[in-house]
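Subject: Structure handover

Hi,

Here is the structure I promised to pass on.

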Amino acid sequence: IVAFLGTLITKEDKTNLFFYTNPCLLIHNSTFRGDIVFNSFFKEFEKIKERSNGKIVIRDHLVNGKLSFLTNYLLSKGAITKTYFSNIIDLNYDIKTLKQNVRKSYKSLINRGKRELNLKIYNYSNTSKKEIEIFRELHFQISKRRTRSYESWIRQFESIKNNESFMIFGYKNETPIAAGMFFLNDNNCFYGVSASIREYYDIPMFHSLMWEAIKYSKEIGC
């Protein structure tokens, strides 16, 4: 009926409630409602909350314009919210219709990027650790520091080999100057992370990579 995913993490005398490095997550079968369900959940949740003397961070999704019962409960206790927005592209439309729905100013950026960059898709069939290392170095060039462990990049490589993600690189004169990674399941494609060399920012790099990802995602059945 309901599940809560979270971990209590203690560091420097503070115990925070996250879901490892992510916000906690609630999964609720909304066909089951009623005070018995909610009160039983809140009773257990309060026991966990009492063990935390730091932050409690939870992610909620606005489904059909409604917040979850847990979010409403926390707001009544004084919690604060931070809102994020995302776009969902319906790939059931044909490519011509999808292209027509792209903003006019973006169409020219896509076309220019396609003219000036050589785009290549890396999936489970043609990706090696060499490409992951190139992406990692691009990311380092932008951030000027290693923001993630090498092991996390290897896990991303493994997700590509398991056909759970793919990458697109943009090359200028055979030099990789832009890259993007996209995660997959049987139905959806999710834009994950990208990196572009700053010296080439006069070229609209990622517009063409994103459009290529949209087309590829449709081709493989998302």
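**Salt bridges**

The structure holds eight salt bridges, each being a side-chain nitrogen of Lys or Arg within 4 Å of a carboxyl oxygen of Asp or Glu. Please note that this is a predicted model, where local features need pLDDT of at least 70, side-chain atom pairs count only at pLDDT 80 or more, and totals for chains, interfaces and linings use all residues. Residues are numbered from 1 along each chain as its sequence is written, and side-chain values use heavy atoms, with hydrogens and water left out.

Start with E137. It has a salt bridge to R146, with the closest N and O atoms 2.9 Å apart. E137 also pairs with R136, and there the closest N and O atoms are 3.9 Å apart. Shared partners join E133, R136, E137 and R146 into one network of salt bridges.

How exposed are these residues? I call a residue buried under 20% relative accessible area, exposed over 50%, and partly exposed in between (1.4 Å probe, protein chains only). R136 is buried, at 16%. E137 is partly exposed, at 28%. R146 is partly exposed too, with 40% relative accessibility.

Another salt bridge links E46 and K49, whose closest N and O atoms are 3.3 Å apart. Both residues lie in helix α1 (residues 35-50). They are three residues apart, about one turn of the helix. K49 is partly exposed, with a relative accessible area of 27%. Helices (H or I, at least four residues) and strands (E, at least two) are DSSP runs, numbered from the N terminus.

**The second largest pocket**

The second largest pocket has a volume of about 450 Å³. A pocket here is an open set of points on a 1 Å grid over the protein atoms alone, where a 1.4 Å probe fits, with protein on both sides within 12 Å along at least five of seven lines. Grid points are joined across faces, edges and corners, and the volume is the space filled by probe spheres set on the points.

The lining counts 17 residues, each with an atom within 4 Å of a point. H28, S30, V63, L67 and S68 lie nearest the pocket centre. β4 (24-28) and α2 (69-76) each supply at least two lining residues. The largest share, four residues, comes from β4.

Best wishes
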